[in-house]
Amino acid sequence: MTPADYLASLGAVYIFAVAWPLSHIDIREHRLPNRLVLPAFPIAIFGLATGALIGNRWPDFAMAVVAAAISFVCGLLVNRFGSLGMGDVKLIAAMTLAMTWFSLFAPLIALVLGFVFAAAVILVQLMRGRTNLQNSIALGPYLLAGFVLTQMLTWSSYLGGFSPNFLM
């Protein structure tokens with residue numbers, strides 16, 4: 001990893017740092033507090049902008065910002081017409097901002113993994129009779145699990161491991 005990549009990782013490191021408290025609060029209260037989610041945006045933008053400045057990687061910076069904006073708008077639409085909470089919308093946008101520098105596919109993989117984890121747990125709970133389809137779930141922990149796994153795999157690609165760019 002280059003110094004620019006380390007700086008661009010600041011947003012992801014922050015999300016790693018707050019993943020446990022966010023998950024705990026979301027499970028307990030079914031909300032993702034702004035005081036923990038919103039700081040991810042300035043931290044990630046600072047890291048990305050500084051990394052772009054040092055490494056002259058402005059296209060990566062622009063791609064991360066545009067991808068985060070697109071994910072936020074898509075999340076707003078799902079919030080408006082579906083059942084995705086605004087905390088989840090902001091978390092998805094923050095995760096996208098933090099991950100896109102490294103791979104355009106990483107946020108998509110993290111999101112899919114989060115939904116697969118949630119679906120698996122819900123399916124087990126339905127089969128055991130512990131929930132029904134009318135109940136809401138705390139999606140944040142599953143989104144964060146997808147983020148942590150995907151970001152770790154993405155960082156490992158710099159050591160010769162998995163690359164989320166396998167489609168390219």
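The entries below follow the order in which I looked things up.

**Entry 1: the kind of model**

I noted at the start that this is a predicted model.

**Entry 2: the cavity**

How many cavities of 30 Å³ or more does the structure hold? I found one. The largest cavity has about 30 Å³ of space in it.

Tyr14, Ile15, Val18 and Leu22 are among the lining residues of the largest cavity. Leu36, Val37, Ala40, Leu91 and Ala94 also line it. I then looked up which elements give two or more residues to this lining, and they are α2 (10-29), α3 (34-37) and α6 (86-99). Which element gives the largest share? I wrote down α2, with four residues.

I sorted the cavity lining by class. Nine residues are nonpolar.

**Entry 3: the largest pocket**

I turned to the open spaces. The largest pocket has a volume of about 790 Å³. I counted 36 residues in its lining. Which of them lie nearest its centre? My list reads Leu84, Asp88, Ile92, Phe115 and Leu139.

At least two lining residues of the largest pocket come from each of α5, α6 and α7 (106-127). Helix α7 gives the most, with seven residues.

By class, I noted 21 nonpolar residues in the lining of the largest pocket. Twelve are polar, and three are charged.

**Entry 4: the second largest pocket**

This pocket has a volume of about 200 Å³. Its lining has 13 residues. Nearest the centre of the second largest pocket I found His30, Gln125, Ile137, Ala138 and Tyr142.

Helices α7 and α8 (140-156) each supply at least two residues of this lining. Which element gives the most here? I wrote α7 again, with four residues.

I sorted this lining as well. Eight residues of the second largest pocket's lining are nonpolar, five are polar and none is charged.

Then I searched the whole structure and found four salt bridges.

I took Arg57 and Asp5 to begin with. They form a salt bridge, and their closest N and O atoms are 2.6 Å apart. This pair links distant parts of the chain, 52 residues apart. Arg57 sits in the loop between α4 and α5 (58-81), while Asp5 sits in helix α1 (residues 3-8).

Is Asp5 buried or exposed? I recorded it as buried, because its relative accessibility is 2% and the cut-off for buried is under 20%. Arg57 has a relative accessible area of 21%, so I put it down as partly exposed.

**Entry 5: Glu29 and its partners**

I looked at Glu29 next. Its side chain meets that of Arg28 in a salt bridge, at 3.0 Å from N to O. Glu29 also forms a salt bridge with Arg31, with the closest N and O atoms 2.7 Å apart.

I checked accessibility here. Glu29 is partly exposed, with a relative accessible area of 36%. Arg31 is partly exposed too, at 40%. Elsewhere, salt bridges that share partners join Asp5, Arg57 and Asp60 into one network.

**Entry 6: a nonpolar patch**

I moved to the surface. Which residues form a nonpolar patch there? I found Leu53, Ile54 and Trp58. Together they have about 330 Å² of accessible area.

I followed up on Leu53. It lies in helix α4 (residues 40-55). Why does Leu53 count as exposed? Its relative accessibility is 61%, and the cut-off for exposed is over 50%.

I ended with Ala119, which lies in helix α7. I noted Ala119 as partly exposed, because its relative accessible area is 44%.

Conventions. Residues numbered from 1 in each chain as written. Predicted model: local features only at pLDDT ≥ 70, side-chain atom pairs only at ≥ 80, totals over all residues. Heavy atoms only, no water. 1 Å grid on protein atoms, 1.4 Å probe; cavity = no way out; pocket = protein on both sides within 12 Å on 5 of 7 lines; lining within 4 Å. Points joined across faces, edges and corners; volume = space filled by probe spheres on them. Nonpolar A, V, L, I, M, F, W, Y, C, P; charged D, E, K, R; others polar. Patch = residues over 30% accessible without salt bridge, like charges linked within 9 Å, V, L, I, M, F, W, Y side chains within 5 Å. Areas by Shrake-Rupley, 256 points an atom, 1.4 Å probe, with all protein chains shown as cover. Buried < 20%, exposed > 50% of the residue type's maximum accessible area, 1.4 Å probe, protein only.
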